[in-house]
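I opened this notebook to keep track of what I looked up in the structure. The entries follow in the order in which I made them.

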Amino acid sequence: MKKNISLGIIGTGRIAKRFVKEIQYISGIELSAVYNPHILSAEKFAAEAGCGVHTDDLNDFLSRVDAVYIASPHGTHYEYAKKALLSGKHVICEKPMTLHKAEAEELCRLSLENKRVLMESLKTAYCPGYHDLRRVIKEGTIGQVVGVEATFTRLTPKDARECTDAEFGGSFTEFGSYGMLPVFDFLGTDFDNVRFASVYGDNELDLYTKAFFEYNDLERGAGTEEFRNLRAEAVVTTGIGVKSEGQLLITGTKGYILSPSPWWLNSYFEVRFEDPKHIEKHENLYEGDGLRYEIKTFKDAIESESYGELCGNSEIIRAFVMEKFLSRRYKKGIE
């Protein structure tokens, strides 16, 4: 009988609690240990999760597991992921995986060198609805994609981590990874410029940000022979203290796709055309918190030894954009 993959959790916050509930739906992988540098937090979380092992000793923790799920604050992801990979563990890490391009490149390299799976935990990418949306676009149903607008906002309690972490908090570090997913999937990562506009709170964190990605020469897709010098601009909108319509709009030369709020669940989207009566409706499965889809993808990649397939250019460029955003956040303007 094949041995279950033993997985340990680093971090004991809100998302880690949801992960514990979702892992129960995936056979072949089980929670084996909990780590937190604050031992009382580790003990409490382990008791609630029904996990017999908890510790504040990272080396002891890593010796007990085959893989780790990193659900700690943003600024700690890189060091934990690097330590785990060097210890021969597979890693699934909450978004953003890192906040610097060089760190993302290093982690991707280490995953290949150590023959271990590295995956950014961006649940939308692994949901059935998003797979369906990718298929529709790949088939050329809406022609050449020339625009993407993705919005993710939430009115977050002021005492939450994303509203209080002075170094790595704010709306864009929290939700920007979601918006960049369809931008890079459907327009590519070779943009010519990215600029930001933000609204800041009293603690200097961005409550609301728009990121504008400019593409001056798109690679041609299906059915684009009649178009020349195709350009595009994508907009990613995030908010933790400002509320907006959380939809995804993908604009094409033959039609467009509208995925209504909350688009990141992608349980429903419409393909629309010039004829307003011509609407293709797509309804897709979305179970639980959606994390079970990424957990299964992670488990399958480990079992099939698919090293490097879940970490590549998109993850690296998302880290580059995060780095660029953080480098100018306190300028409080448009650049």
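Predicted model: local features only at pLDDT ≥ 70, side-chain atom pairs only at ≥ 80, totals over all residues.

Entry 1, a salt bridge. I looked up Glu162 and found that it forms a salt bridge with Arg14 (a side-chain nitrogen of Lys or Arg within 4 Å of a carboxyl oxygen of Asp or Glu). The closest N and O atoms of Glu162 and Arg14 are 2.8 Å apart. Glu162 lies in helix 7 and Arg14 in helix 1, so this pair ties together parts that are 148 residues apart in sequence. Helices here are DSSP runs of H or I with at least four residues, strands are runs of E with at least two, and both are numbered from the N terminus. A search of the whole structure gave me 21 salt bridges.

Residues are numbered from 1 along each chain as its sequence is written, and side-chain values use heavy atoms, with hydrogens and water left out.

A pocket is an open set of points on a 1 Å grid over the protein atoms alone, where a 1.4 Å probe fits, with protein on both sides within 12 Å along at least five of seven lines; lining residues have an atom within 4 Å of a point. Of the 35 lining residues, Arg14, Ile15, Arg18, Arg161 and Glu174 are the closest to the centre. Helix 1 (14–23), helix 4, helix 7 (161–164), helix 8 (171–187) and helix 9 (291–303) each give two or more residues to the lining.

I found an open sheet in the order 3-2-1-4-5-6, with parallel pairing; two strands pair if DSSP finds at least two bridges between them. Strand 3 (54–55) and strand 6 (118–121) each have a single partner strand, so one side of each is left without a neighbour in the sheet. Two bridges join strand 2 (residues 29–35) to strand 3, and Val34 stands opposite His54 in strand 3.

I found a second open sheet in the order 8-9-10-7-11-12-13-14, with mixed pairing. Strand 8 (193–200) and strand 14 (279–283) are its edge strands. Which residue is the bridge partner of Thr251 in strand 12? The partner is Tyr256, and Tyr256 also stands opposite Arg272 in strand 13. Strand 11 and strand 12 run antiparallel and are joined by four bridges, with a hairpin of three residues between them. Strand 12 (residues 256–259) pairs with strand 13 (residues 268–272) over three bridges, again in the antiparallel sense.
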